[in-house]
Amino acid sequence: MISPSPILSLALAGLALAQTTPSAPDPHPLLPTWKCTTSGGCVQQNTSVVLDFEYRNIHTIGGTTPCLTGMKLNAAQCPDAATCARNCVIEPMDYASKGVSTAGNALTMYHYVKSGGKTVSASPRVYLLDETTQKYVMLSLLNQELSVDVDLSTLPCGENGAFYLSEMTPDGSKNPGQFNAGGAALGNGYCDAQCQGYCCPEMDILEANSQANVFTGHPCKGNNCDKGGCGYNPYGSGQRGFYGPGKTVDTNKVFTAVTTFQASGGRLTGITRKYIQGGRTINSGSITGCGSESGTGGLVGMGQSLQRGMVLAMSIWNDAAQNMAWLDQGNNGPCPAGQGTPSNIQSQHSDTHVVFSNIRWGDIGSTTRS
């Protein structure tokens, strides 16, 4: 998945040594999740979400002078790492201003927010955090399943509500080229198969709007990543009446997406999707191959990442370069060319938002037993 948020300049790399701290603890919105077993049922986890570090405000201590000018350090405040640490502070995050809120077990993310009387793009990206340890939750999903309830009803053509896994480090410390003070508790350490931040395996559980969806594996071997990935799109597979408003999986309503990672002999053999809606279980497709094992790691490499543990990321974004054509246009979905431009979405669908809720993971068959 390609996210819209920018990567901080390499000039920030030296600041990692200074470990500038925030002026107050980050108010992570609580989001309870559940870890499940077939024998013990589902146990609630003490989890929250944290916004990516790139959304934060860094300014002078006791003042408002930015320590960043554009994407570069302010030389007056930050001639070197130690001076910058003495002069500058990281503001605690105002999550609502970035379109992020939680209520019970539901996370809501708005693409656009009001600021100064204007509608502006927030396009948030958050990670699942263990509120007790202040480290990312590492989901080890080989021979396991992951389920989530999804509301995509307000996402039009060109918009993407993304629910995916990235093999980040638990403490968010691996962050070349970025100011990584505060580690995971401040949303540091992002990586993906597009090599934003740095290169790492990525498993897109659900990239979707109300018109189309896809799930895609992106294994990596070192810095060699399968950027295109191995994906399954119901519309692209010929199931034109399967997913969308009023269709078999009706995106006007909430549905549950269950993704299963089958393994044999410790090796990933397939990734399978089913949906639950209105009391019905609706089977969908599977991924049984994923490129070259000798090149990017293939399906086996994807399974190794799942076994080691991956971080859950959630975002909402659109795509000025391609208008999300790879997701919902042509053979991929029913959206007309040009309809999914960011300008069209902002003018016609400024309320677009996604809701992810009831997140559960564990033994196959355990997350939806009730």
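**A guided reading of the model**

Guide: His218 lies in strand β18, residues 213-218, where strands (E, at least two residues) are DSSP runs numbered from the N terminus. The model is predicted, local features require pLDDT of at least 70, side-chain atom pairs count only at pLDDT 80 or more, and totals for chains, interfaces and linings use all residues. Residues are numbered from 1 along each chain as its sequence is written, and side-chain values use heavy atoms, with hydrogens and water left out.

Visitor: Which backbone oxygen does the side chain of His218 reach?

Guide: His218 is buried (under 20% relative accessible area; exposed is over 50%, partly exposed in between, with a 1.4 Å probe and protein chains only), because its relative accessibility is 3%. At 2.9 Å, its side chain reaches the backbone oxygen of Asp226.

Visitor: Is Ser366 buried or exposed?

Guide: Ser366 belongs to the segment after β28 (353-363). Leaving aside neighbours within four places in sequence, Ser366 is in contact with Cys36, Thr37, Thr38, Cys42 and Glu145, contact being heavy atoms within 4.5 Å. Its relative accessible area is 5%, so Ser366 is buried.

Visitor: Why is strand β16 described as largely enclosed by the rest of the structure?

Guide: On one side of β16, Glu159, Gly161, Phe163 and Leu165 are buried, and on the other Asn160, Ala162, Tyr164 and Ser166 are buried. The strand, residues 159-166, is therefore largely enclosed because the number of its eight residues that are buried is eight.

Visitor: Which residue in β27 is the bridge partner of Gly161?

Guide: Strands pair if DSSP finds at least two bridges between them. β16 pairs with β27 in the antiparallel sense over eight bridges, and with β17 (residues 202-208), also antiparallel, over six bridges. In β17, Glu207 stands opposite Ala162. In β27, the partner of Gly161 is Ile316.

How values were computed. Helices (H or I, at least four residues) and strands (E, at least two) are DSSP runs, numbered from the N terminus. A polar contact is a pair of N or O atoms within 3.5 Å; within protein, one must be able to donate a hydrogen and the other to accept it, and residues adjacent in sequence count only if both atoms are side-chain atoms.
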